Amino acid sequence: MAETLAALRSLMASHSPPLYALVVPSEDYHQSEYVSARDKRREFVSGFTGSAGLALITMDEARLWTDGRYFLQAAQQLSDQWKLMRMGEDPPVDVWMADNFPEGAIIGVDPWCVSIDTAQKWERAFNKKQQKLNQTSTNLVDEVWKSRPPPEVNPVFVQHLEFSGRSVAEKLKDLREKLLQEKARGIVFTALDEVAWLYNVRGTDVSYCPVVHAFAIVTLTSAFFYVDQNKLSAEVISHMNENGIQIRDYGALISDIVLLASDKLSPSTSRNVANSNEMDIVGNSTCEVQETSNDLIWVDPSSCCFAVYSKLNADKVLLQQSPLALAKALKNPVEMDGLKKAHIRDGAAVVQYLAWLDKQMQEIYGASGYFLEAESINKMENKTKLTEVSVSDKLEEFRASKEHFRGLSFPTISSVGSNAAIIHYSPEAKTCAELSPNQIYLFDSGAQYLDGTTDITRTVHFGKPTAHEKACYTAVLKGHLALGNARFPNGTNGNTLDVLARIPLWKYGLDYRHGTGHGIGSFLNVHEGPHQISFRPAARNVPLQASMTVTDEPGYYEDGNFGIRLENVLIIKDADTKFNFGDKGYLMFEHITWAPYQIKLIDLSLLVPEEIEWLNDYHSKCREILAPFMNESEMAWLKKATQPINH
């Protein structure tokens, strides 16, 4: 680590102009949350492995900013050469740089790895002392990262209509209508899930996210796909040609952006190298284009990198959220049906895992098990111990046996005791903890299926939970139910609803440092916007709408002791209310995740009759829906886990 920092500082000093500081973001060229191994630059320089964070290196210090999910993890992973900056508690990075750097300081960043929004925000902060943001011509981290993984050539594949539900032609038609409405003649897409969704393709370029490293440009009369063409099969090439999409090399984006800016990007200037035949590039999806004043180039400032923006005429750029963000979030009937079916199979895998784990805990540790509150024996008798990693591998085995399984949707959070207090804990085989019947076990996991993406969290105890643990679990459960059973008028945003999940915790002076809900993709990214349920201001930007998906996942984390989280995926749908104040129409949630809550962790005296009734109904549905997937012993376990609770 020290050698890496020294090498970077040497490059900063010899840079023209010399850099006072270097910013190393977490993001790749597409502003992705999860990135490929060769794009984990911030992890390489800092040693911090979380998915969110930003490293700042000067000649005499190094600082890392991250959010509340990772405070404990970062504190454990950072060496003494680094200082942890806690987002929400310490000053934001732009404010800190502006206040602490000298007048005229030059701060370097790779413009491909920072969004337009972020770069412009920094530039505004720097104006106060005439500090400057410098776009480095190369990524300095890449120059010192001698063992940087090479690019992978992974195949692109078509996401067929039986799973996507809408054709590329339909999506392009809707998109071009949006361009006309906004007086734009073209739009640039850099977010990987948007490119994949628009063109109905998927890939394996990023672990856990079925996307391909690619860009897209769509104009009123043409469409382009920028990708390493070694990844394309004959089927994908045919798919693109049939939809009037011109295939271009991944590295050709910037030269085509320059052509786009000068209104010279057209099929004649950008020949489809994958198809030697002349063709109607417009296909069947083009809007009728007449003489209009459409002269803007549309880019999403939150997902488009600063490098692309720098090649456009700022006066002719429409900086506005991508029209695909909302279109992708509003699931069509085929996607909705697929998500429900995927969550049923996924729930079956989780129940099979819990039944297996319960049996193992009793056989190996003499635990009282999933159902009984009793002291544990902790016997081993030369049996193989269970670890956070070994049990999460078993959960993946159960999922892999299910139809349409294509991998996990994020690294499984399998955490025991104090590790469960690390919100996004990621166990490592060499250092992970052994399961204990005397400690809480939390697992947050999900899978990618061709027909949907899943995400579920359950918290369990195989011995005798303390009264405090039960009280905390019950407070989390009450918040989980309060949000999941809410009804609310159209136009309500996720910032407004977030408080519902926290009130039962606030009653005891407890809280948690993460949002309460995120959208979820349809065989795409497990975290999907533009909506969210969160205390953060960004959750005010997009109202919740029918046919969106969102998670419901409050928690409580006691540092050094335990962590609790409960998570279901919900679908937003129209609510049938007795009244309709203001003629707004009302919405409600439908749970599509199926796995029992652990009754012995609930302090039933804290539940009201309506909550008990809901739990009984939900557990009854779990038995009914999951029964076809269970063998005799698994079904017996499920029946016991979902026995009705007495009022």
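Helices here are DSSP runs of H or I with at least four residues, strands are runs of E with at least two, and both are numbered from the N terminus. With that in hand, Pro-530 sits in strand β23, residues 528-533. A cis peptide bond links Gly-529 to Pro-530, with omega about 10 degrees.

Before going on, some ground rules. This is a predicted model, where local features need pLDDT of at least 70, side-chain atom pairs count only at pLDDT 80 or more, and totals for chains, interfaces and linings use all residues. Residues are numbered from 1 along each chain as its sequence is written, and side-chain values use heavy atoms, with hydrogens and water left out.

Back to cis peptides. Ser-16 and Pro-17 are also joined by a cis bond, with omega about 0 degrees. Where is Pro-17? Pro-17 lies in the loop between α1 (2-14) and β1 (21-25).

Pro-17 turns up again as a neighbour of Asn-134. Asn-134 belongs to strand β6, residues 132-135. Leaving aside neighbours within four places in sequence, Asn-134 is in contact with His-15, Pro-17, Leu-19, Ile-106, Ile-107, Gly-108 and Val-109. Contact means heavy atoms within 4.5 Å. Is Asn-134 buried or exposed? Asn-134 is buried, because its relative accessible area is 16%. The cut-offs are these: buried is under 20% relative accessible area, exposed is over 50%, and partly exposed is in between, with a 1.4 Å probe and protein chains only.

Next, the sheet. Six strands form an open sheet, in the order β12-β11-β10-β8-β13-β14, with mixed pairing. Two strands pair if DSSP finds at least two bridges between them.

Strand β12 covers residues 245-249, and four of its five residues are buried. Its partner β11 (residues 223-227) runs parallel to it, joined by five bridges. Tyr-226 stands opposite Arg-248 in β12. How does the chain get from β11 to β12? It goes through helix α10, residues 234-242, in a right-handed β-α-β crossover. Right-handed means that, with the strands pointing away from the viewer, the path from the first strand over the helix to the second runs clockwise.

Further along the sheet, β8 (residues 184-189) and β13 are parallel, with three bridges between them. Ala-184 has Leu-296 in β13 as its bridge partner.

Axes are lines fitted to C-alpha atoms, for helices over the stretch in contact, and angles run from 0 to 180 degrees between N-to-C directions.

Now two helix pairs. Helix α14 (residues 333-365) packs on helix α19 (residues 632-641) at about 90 degrees, with axes 10 Å apart. That makes α14 roughly perpendicular to α19. From α14, the contact uses Val-351, Gln-352, Leu-354, Ala-355 and Asp-358; from α19, Glu-634, Trp-637 and Leu-638. By class, that gives five nonpolar, one polar and two charged residues. Here Ala, Val, Leu, Ile, Met, Phe, Trp, Tyr, Cys and Pro count as nonpolar, Asp, Glu, Lys and Arg as charged, and the others, Gly among them, as polar.

In the second pair, helix α8 (residues 168-181) and helix α9 (residues 192-199) cross at roughly 115 degrees, and their axes come within 7 Å. α8 brings Val-168, Lys-171, Leu-172 and Leu-175, while α9 brings Trp-197, Leu-198 and Tyr-199. This contact has six nonpolar, no polar and one charged residues.

Last, some loop residues. Gln-31 is not a glycine, yet its phi is positive, near 60 degrees. Gln-31 is in the loop between β1 and α2 (41-46), and counts as buried at 16% relative accessibility. Asp-263 also has a positive phi, about 60 degrees, without being a glycine. Asp-263 sits between α11 (253-261) and β13 (296-299), in the loop, and counts as exposed at 53%.

Technical notes: Angles under 35 degrees count as roughly parallel, over 145 as roughly antiparallel, 65 to 115 as roughly perpendicular and the rest as oblique.
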